Amino acid sequence: MLTPRQLFLRHQAQTSDFPLLLEIERAEGVYMYASDGTRYLDLISGIGVSNVGHRHPRVLAAIHEQLDKYLHLMVYGEVVQAPPARLAQALTATLPARLDNVYFTNSGTEAVEGALKLAKRHTDRTGLISCHNAYHGSTHGALSITGSEGFKNAFRPLLPDVRHIRHNRFEDLLLIDEHTAAVVIETVQGEAGVRVPAPGYLPALRQRCTEVGALLILDEIQCGFGRTGTLWAFEQFGIEPDILLTAKGMGGGMPIGAFIAPQHIMAGFKTDPILGHCTTFGGHPVSCAASLATLRVIQEENLLAGVAAKAARFREKLVHPGIREVRNCGLLMAVEFDSFDVLKPLIDRALWEQHLLTDWFLFCDNSLRIAPPLTITMEQIDEACAGLLSAIRN
Ligand code: PMP
């Protein structure tokens, strides 16, 4: 009989010629366990997903409870189901009053797609603006606004009428004009290697969008759900979006995403045409039950309160002449080295010798990604930093 590893390589679609090939049997909290019993410390949370840790007991309980009632019943938006309805209420309660309507999706990229359509529908414009080095997803619309030519060239033609501005460059905001349906921006850029907005940048962007009647769409798919120390990253920058995107950490390990907008904007999907946006599985009751439990864990276990101190501990410990810079917004962190050639062997040593799972960034390959579950303890941070420094020294 073939092993899972052989089957994985033979029958499962691959996206690179050098998959990690780490084989995990179970996971709990900040740890993942291989079949040979080796314990790995997860420093990237499945790329920004396991913010409350793996298999949080309250998330598991909510999933079990829903499993005993029903699974899928009907396509999105036809049948009243308590889990998505309760989750929509709980999410909007955390947001500015205007953002009172939630459309649930299966993933981040699907939330981006829905939001782009909604912005075009609402403004009756076609122009879309996003940032260089932004990552918004892999489907055609989200890919179109992703800010990397290398990523897109093989798949053209993509959406027309897309322009990119340089992140944090105030002068580029003038490209946003009366032709622009929406500007899509990550509140904190993730795959660009953790780029925090400069003081005043997001307020200036917000003001420009308002002036010209363009919608501001904040992509918090990676930086939302507590990752930066506030539930939503935009809370730290004194602005409000017209449409908010979330996914990843939202499900506590289950697949779910959403775009959230004022009801009068969302109403654009109801008429001309009706069913202007559809999904079969969006708002799956089990995912929604898991998501509501995840939100409650973040709120009731006070996970946000510890984020700044934990990030500070990483920064305090990660000091070495080989480290050029540490960038972070809460526990979304990038540790910069001279080059990918320095970083790649370090990531491999950290994994196979120190049993620490890290990564680099799609559009920043000289920087180490650190985004652990928010539940990580100070002792676990010390353990991680000691292991990383040892991998750096070797
Ligand atoms: N936007 C951002 C900022 C992301 O980081 C990602 C995923 N890395 C996406 C969108 C796409 O999300 P998904 O992989 O769930 O489609």
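Alanine 308 has its place in helix H11; helices here are DSSP runs of H or I with at least four residues, strands are DSSP runs of E with at least two, and both are numbered from the N terminus. This is a predicted model, in which local features need pLDDT of at least 70 and side-chain atom pairs count only at pLDDT 80 or more, while totals for chains, interfaces and linings use all residues. Residues are numbered from 1 along each chain as its sequence is written, and side-chain values use heavy atoms, with hydrogens and water left out.

Back to alanine 308: with a relative accessible area of 57%, this residue is exposed. The cut-offs are under 20% relative accessible area for buried and over 50% for exposed, with partly exposed in between (1.4 Å probe, protein chains only). Threonine 228 is 80 residues away from alanine 308 along the chain, yet the two C-alpha atoms are separated by 8.2 Å. Leucine 304 comes out as partly exposed, at 24% relative accessibility. Leaving aside residues up to four places away in sequence, leucine 304 touches Gly226, Gly229, Thr230, Leu231 and Ile298, where contact means heavy atoms within 4.5 Å.

Now for how the helices pack. H11 (residues 307-317) and H13 (residues 378-393) have axes 10 Å apart and an angle of about 25° between them. Axes are lines fitted to C-alpha atoms, for helices over the stretch in contact, and angles run from 0 to 180 degrees between N-to-C directions. H11 is therefore roughly parallel to H13; angles under 35 degrees get that label, those over 145 are roughly antiparallel, 65 to 115 is roughly perpendicular and the rest are oblique. The two helices, H11 and H13, cross in a right-handed way, meaning that the near helix is turned clockwise from the far one by less than a right angle, with anticlockwise being left-handed. On the H11 side the contact uses Ala309, Lys310, Arg313, Phe314 and Lys317, and these meet Met378, Ile381, Asp382, Ala384, Cys385 and Leu389 of H13. Sorted by class, the residues of this H11 and H13 contact are seven nonpolar, no polar and four charged. Here Ala, Val, Leu, Ile, Met, Phe, Trp, Tyr, Cys and Pro count as nonpolar, Asp, Glu, Lys and Arg as charged, and the others, Gly among them, as polar.

H13 also packs with H12 (residues 340-352), at an angle of about 130° and with the axes 9 Å apart. That angle makes H12 oblique to H13, and the crossing is right-handed. Leu346, Arg349 and Ala350 of H12 make the contact with Leu388, Ala391 and Ile392 of H13. Five nonpolar residues, no polar ones and one charged residue take part in the contact of H12 with H13.

The axes of H4 (residues 82-93) and H10 come within 8 Å and cross at roughly 30°, which makes H4 roughly parallel to H10. The crossing of H4 and H10 is left-handed. H4 brings Pro83, Pro84, Arg86, Leu87, Ala90 and Leu91 to the contact, and H10 brings Pro285, Cys288, Ala289, Ser291, Leu292, Leu295 and Arg296. The classes for H4 with H10 are 10 nonpolar, one polar and two charged.

Most residues other than glycine have a negative phi, and most peptide bonds are trans. Serine 45, though, has a phi near 55°; this residue belongs to helix H2 (residues 45-48) and is buried at 0% relative accessibility. Isoleucine 47, also not a glycine, has a positive phi of about 60°, lies in H2 and is partly exposed at 22%. A cis peptide bond links arginine 156 to proline 157, with omega about 5°, and another links aspartate 272 to proline 273, with omega near 5°.

Finally, the cysteines. A search of the whole structure turns up zero disulfides, a disulfide being a pair of cysteine sulfur atoms within 2.5 Å. For cysteine 223, the closest cysteine sulfur is that of cysteine 329, 7.6 Å away and so too far for a bond. Cysteine 364 is in no disulfide either, as the nearest cysteine sulfur, in cysteine 131, is 15 Å away. Cysteine 223 is buried at 1% relative accessibility, and cysteine 364 is buried at 7%.
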